[in-house]
Amino acid sequence: MSAGERDVDKSYSVPEFAAKLRRLADALESESSFRIQIAGERFRVPKGAAISVEHERSGDEEEVEFQLRW
């Protein structure tokens, strides 16, 4: 990875995760950008970000990812 690249996997408690999802949902509904801090870095997701949901299955494990790209 170059100096500008970043790949972070951060775990949150249920209340923390729910709060982030609520703020994201509010921003999406109001067609606003979304500000978030993950693992110490703050950034802004623009209102036009592409949104997708991904489902993965491997053996007896499953994963759902909510993704925003811009």
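Two strands pair if DSSP finds at least two bridges between them. Helices (H or I, at least four residues) and strands (E, at least two) are themselves DSSP runs, numbered from the N terminus. The structure is a predicted model, in which local features need pLDDT of at least 70 and side-chain atom pairs count only at pLDDT 80 or more, while totals for chains, interfaces and linings use all residues. Residues are numbered from 1 along each chain as its sequence is written, and side-chain values use heavy atoms, with hydrogens and water left out.

The protein chain has one helix and four strands. Read from the N terminus, the order of elements is α-β-β-β-β. Along the principal axes, the C-alpha atoms fill a box of roughly 40 × 30 × 25 Å. Of the 70 residues, 11% count as buried. Here buried means under 20% relative accessible area, exposed means over 50%, and partly exposed lies in between (1.4 Å probe, protein chains only). A contact requires heavy atoms within 4.5 Å. Among contacts with a separation of 6 or more, 23% join residues 24 or more positions apart.

Strand β1 (residues 34-38) pairs with β2 in the antiparallel sense, over five bridges. Gln-37 stands opposite Arg-42 in β2. The hairpin of β1 and β2 has two residues between the strands, and Ala-39 takes a positive phi near 50° there.

Lys-20 lies in helix α1 (residues 14-29). Lys-20 is buried yet has no salt bridge. Such a bridge needs a side-chain nitrogen of Lys or Arg within 4 Å of a carboxyl oxygen of Asp or Glu. The nearest side chain of opposite charge, Glu-16, is 7.4 Å away; Lys and Arg count as positive and Asp and Glu as negative, with His and the chain ends not counted. Leaving aside residues up to four places away in sequence, Lys-20 touches Tyr-12, Phe-34, Ile-36 and Gln-37.

Tyr-12 also takes part in another arrangement: the charged end of Lys-10 sits over the ring of Tyr-12, 5.4 Å from its centre. This label applies if NZ of Lys or CZ of Arg is within 6 Å of the ring centre and within 35 degrees of the ring normal.

Rings of Phe, Tyr and Trp (its six-membered ring) pair if their centres lie within 6.5 Å; planes under 30 degrees apart count as stacked, over 60 as edge-to-face and the rest as tilted. By this rule there is one aromatic pair. Phe-43 and Trp-70 are stacked, 6.2 Å centre to centre, with 25° between the planes. Phe-43 lies in strand β2 (residues 41-45) and Trp-70 in the segment after β4 (61-69), so the pair ties together parts 27 residues apart in sequence. Phe-43 counts as partly exposed because its relative accessibility is 26%. Trp-70, at 57%, counts as exposed.
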